[in-house]
Structure formats: structure tokens, C-alpha cells
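Thanks for making the time this morning. I would like to go through one model with you, beginning with a single chain and then moving on to the place where two chains meet.

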Amino acid sequence: MVTAAERVSSHKWGMAVDVDRCTGCQACVMACQTENNIPLSTEDIYRQKRTFAWIRIERYWYGDFPNVKARFIPIMCQHCENAPCEPVCPVFATYHNTEGMNVQIYNRCVGTRYCGAGCPYNVRFFNYWEPVWPSTLRNQLNPDVTIRSRGIMEKCSFCVQRIRRGVREAAQEDRDLVDGEIQTACTDACPTNALVFGDFNDDNSRVSIMSHDDRKYTHLDSLNTEPNVVYLAQIDATGGAIGEHE
Amino acid sequence: MASGEKTLNEQPQTDNGRPAWVKVLIPVLALGGVGVTAVLGFVMVFFITAWFGNPLPVLGFDQSPVQPIAFPHTAHAGSELLFNDDGSAKMDAEGKQLTGIGLDCTFCHRTVTDTNVAGIPPVETCVTCHRVIGSTQSEPLTLLRTIGLGDDPGPIQWKRVHRLPDHVRFVHEPHIRFLTDVGNTHVIANRDEAAILAGTQSDGSVLAAVTCSTCHGDIKSQTQVAQVEPLKMGQCVDCHRKNDAPTDCTTCHF
């Protein structure tokens, strides 16, 4: 008999990003924005350098002129196993849960911003102001996600609301989860399937297979953060892998 | 006699040599002190009780708002004899005392076994039955009976009784599923197993109505619904721990 707690914690959620497939279309950014009630990054916010983007596309140029090409890397919270943001939180608002996710508990957060300072990936965002949406967007907000008020740190949650719903629906129908059944907003939106979400505990899941690829690398490996987001390096026209060194 | 006039002009002296206005002020201050202490004590008791459970039922904190229509759960969900407000027995047209009809909660709160929210039934659900049944004396029931398709009075503005904070994501479905599954060897907070098993159906499942009262109290005996349980996080976590349910923060907070 599997208890409800065991059913939830038997997973180790993670993501694989095939950089070779990413076209930099920003569909994931928009999907994340709408799914997770992320405050609007208006011009005013942008000028203060306080834009919110739980997932962002970083653009790099490579090659010599005139054969310059752009390379895009989607960066979101890496959900590090060895996260620098976690030990610095004085109130345990961010911690590593049993599903391999680095989670942020909004109602515990007191806004010290230590985690934001500790994060080497710059994927944590602080609500300096109460978020406001134009009246036309009020009905667009996702009722499954808390609206973070002023003074609270936020970051990519691996769309935990979708994970909860997926696990619940599988339990309701009394069956095991199928790989690919749970999709985060960004993987759902990605037109080239560059982003793949799944369970690392399942050896046959797409993320597990991709994480054993020769092209696999993780960001800022030297910091030993052990991210749960793995990247597959881009292949250039000559067949060599690029991007492992940045 | 000059000295006598002089004493009249002087301030009246008390035995202790204090002026009379001081003598008046002392009990005033004392009473004021007692009053302030009483108010402070009340405020403290209010906040302490509110912290550990439901706040004192004063100042509108009685957890039982007056609804726009006096909907009696006793008549719908209960199966006991019905009484009027003045204590007299409620009779039908033939002079028989009425009893509640004992509907299951899911008869009206239909989405509770499938989704997040129990759901308030639309007026349509009321009309389904009240087209033909119900007292002719009752004003809302008369309205339901005579209402036409053209004249839409709009939804009933029910007052919400059970409300969780915005940072809590409570889903009814898994709780109902868990509590109605008698195969589980579970320990349910605030309730004994026998009461659950008393509501067991022939197919082994348990009526949702029996499980709802775990958190909602005995709704079927309430004419005006009140929040009985404090519904604080401690209560949730207690029950989750006893039943091996997940206690990770992101179970409810995300």
C-alpha cells in the first residue's frame, strides 16, 4: 500500500534543455509569465533593472564575422541539489523538498534577499512593490498560483501546481504517472521541444535518457551546485559541440 | 468669627490633608484603571483564542454570517424532525410533522468529489425540486416556483463561511477520496472510525456527507451554517501526519 506521501516523494523532477533545438522564440518566457502570475516587467521596472523572468533566454554570439551566429540558452532556476540559496535563508522559506525541487514558500519568506544574493544563476526575483496588473489582465491570472505580495522572493517552481494536479489525477484514476504527462508551462509551450520535463527516478523517461547524452553539461559546474536542469550542448555545422565553456 | 469665615474660604481639608477633588479623582482613576485592564484583557483573550482556534463569537466574528436566503441544511441534508424558529413543530399541509429529507452533500455540491472546490449550486439546482415541492408560505420558494425563463433575478449572493487564506491551495477531491475509502487504515482527527463506518454504503464506499463533517462540523443539524473547526494549519498537519499524507510545504503552499 503506497501512502499518499510516498506517492508524491517517489519522483525526482528535473528538466533537460537541448540548446541545439532552441530558436530563441521566447514562447517559454510568455507561457511562464501567464502561468505563474509573474508581475509585468514594464518600462519603469526595466529601468530599475528589476525585471521578472522566471525563465529567460540568454543570447550569445559565436563565429567570426561575417559568419556570426546566435546561440540561445534558456535559463531558469536550476533546482540545485546543492543549492547556494538554501542554507542562507534564516526562516527556511526555501529548501529542498523530497521531490528534488528547490521550493520557495511565499508565506514563510520575510524578504531578507540573502537567497537572491547567493544564487549564481540570477534566477531569483524580489517583489520590491505590490504587483499590479491592468484591469484587462485581471481575469488572466492563474487561480492555482499565489500572487506574491510585496517583500517576497520568487523564482521558478517547476510549475509545482501542475505537478500536484498531475499526481492527483493519476491517483484519482489509480494508475502510475506516464512520462510526459506532467508538463510545465515552458515545456508545454516550446515549439521545438528544446525543453523537456520529467522524472529522473524513471530510467526510461526522456529527461533520464537525455541526461546520459554525450552532449550533456550543467551550468556553472565548477560551483558543484548539482543542478536538476541539464543542458545538451549545441552542435555547430562542423560537428563540434559548443557551449560547454562559457 | 473671623477664623470661621476664613475656614470657609479655604479649600476643604480631608483627614489626610488632601483636597476634596483629589478624593474624587482617586476612585475615578481606580475605576478607569480597572476599565482599561478589562479592555486590554478582553483584547488579549480575543487574540489568544483567535490564535489557537476560532476567535470569540463577538464583533461579527461568530463565523456564521446571515445568508440572503435562510437556507436550512436541516431540511435538506438532515433527516431529523423539523421545528420552526419559535420551537413549534413544522407541519405540512396535512398536519404531519416534517422531517429533513437527508440528501447527500454531493446532491447539490456536485463538484466536490472531482475538483478543487465544493461549489455552490446554481439556482437551477434549487428549481429542479422546488418547481413542485416546498411550502407555499415561504417567500423564496414561491419565487422559485413562479420564476420564468425571461426574468433572471441573478445568482444568489451567498456569504462565504469557510475561507482559507490565499496562500493555501486546498483541493477537496483527494480528501474526499481518501476519507471515503474504507480500505485505508486511517486515523481521522476529531472523529471516530465507528461514525465513518456507520455511513458505509453497500458497495463499501462511505457517504461524502459523513466525511465532510471532519472539517465542516455537523452541517446537517445547522439551520445557519457556521464554521465549527478552526481550520488552522496545525489541524491540517495533524491529520496529514496521522494518515501518512505528505507534509511538504508545497503540498498546499505554492
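When I say that a residue is buried, I mean that its relative accessible area is under 20%. Please keep in mind that this is a predicted model, and that by this cut-off buried residues make up 49% of the 246 residues in chain A. The secondary structure of that chain comes to seven helices and twelve strands, and, if we take the contacts between residues at least 6 apart in sequence, 63% of them join residues at least 24 apart. As for its surface, chain A exposes about 12,400 Å², with carbon and sulfur atoms supplying 50% of that area.

Let me turn now to the interface. Chain A brings 24 residues to the contact and chain B brings 20, and the area buried between the two chains is about 1,800 Å², of which 56% comes from carbon and sulfur atoms. Of the area that chain A buries against chain B, 29% is supplied by A:Asn107, A:Arg168 and A:Gln172, which is more than any other three residues give.

Which residues form the salt bridge here? It is A:Arg164 with B:Asp248, where the closest N and O atoms are 4.0 Å apart, and the rule finds one such bridge across this interface. There are also nine residue pairs in polar contact between chain A and chain B, counting pairs in which both residues are at pLDDT 80 or more.

On the side of chain A that touches chain B, α1 (4-9) and α5 (160-172) each supply at least two residues, and the largest share, six residues, comes from α5(A). By class, that side has twelve nonpolar, six polar and six charged residues.

Technical notes: Residues are numbered from 1 along each chain as its sequence is written. Chains are lettered from A and ligands numbered from 1 in the order in which they are written. This is a predicted model: local features need pLDDT of at least 70, side-chain atom pairs count only at pLDDT 80 or more; totals for chains, interfaces and linings use all residues. Side-chain values use heavy atoms; hydrogens and water are left out. Contact means heavy atoms within 4.5 Å. Buried area is the accessible area (1.4 Å probe) that two parts lose on being put together, summed over both. A salt bridge is a side-chain nitrogen of Lys or Arg within 4 Å of a carboxyl oxygen of Asp or Glu. A polar contact is a pair of N or O atoms within 3.5 Å; within protein, one must be able to donate a hydrogen and the other to accept it, and residues adjacent in sequence count only if both atoms are side-chain atoms. Helices (H or I, at least four residues) and strands (E, at least two) are DSSP runs, numbered from the N terminus. Ala, Val, Leu, Ile, Met, Phe, Trp, Tyr, Cys and Pro count as nonpolar, Asp, Glu, Lys and Arg as charged, and the others, Gly among them, as polar. Buried means under 20% relative accessible area, exposed over 50%, partly exposed in between (1.4 Å probe, protein chains only). Accessible areas come from the Shrake-Rupley method with a 1.4 Å probe; for residues, only the protein chains shown count as cover.
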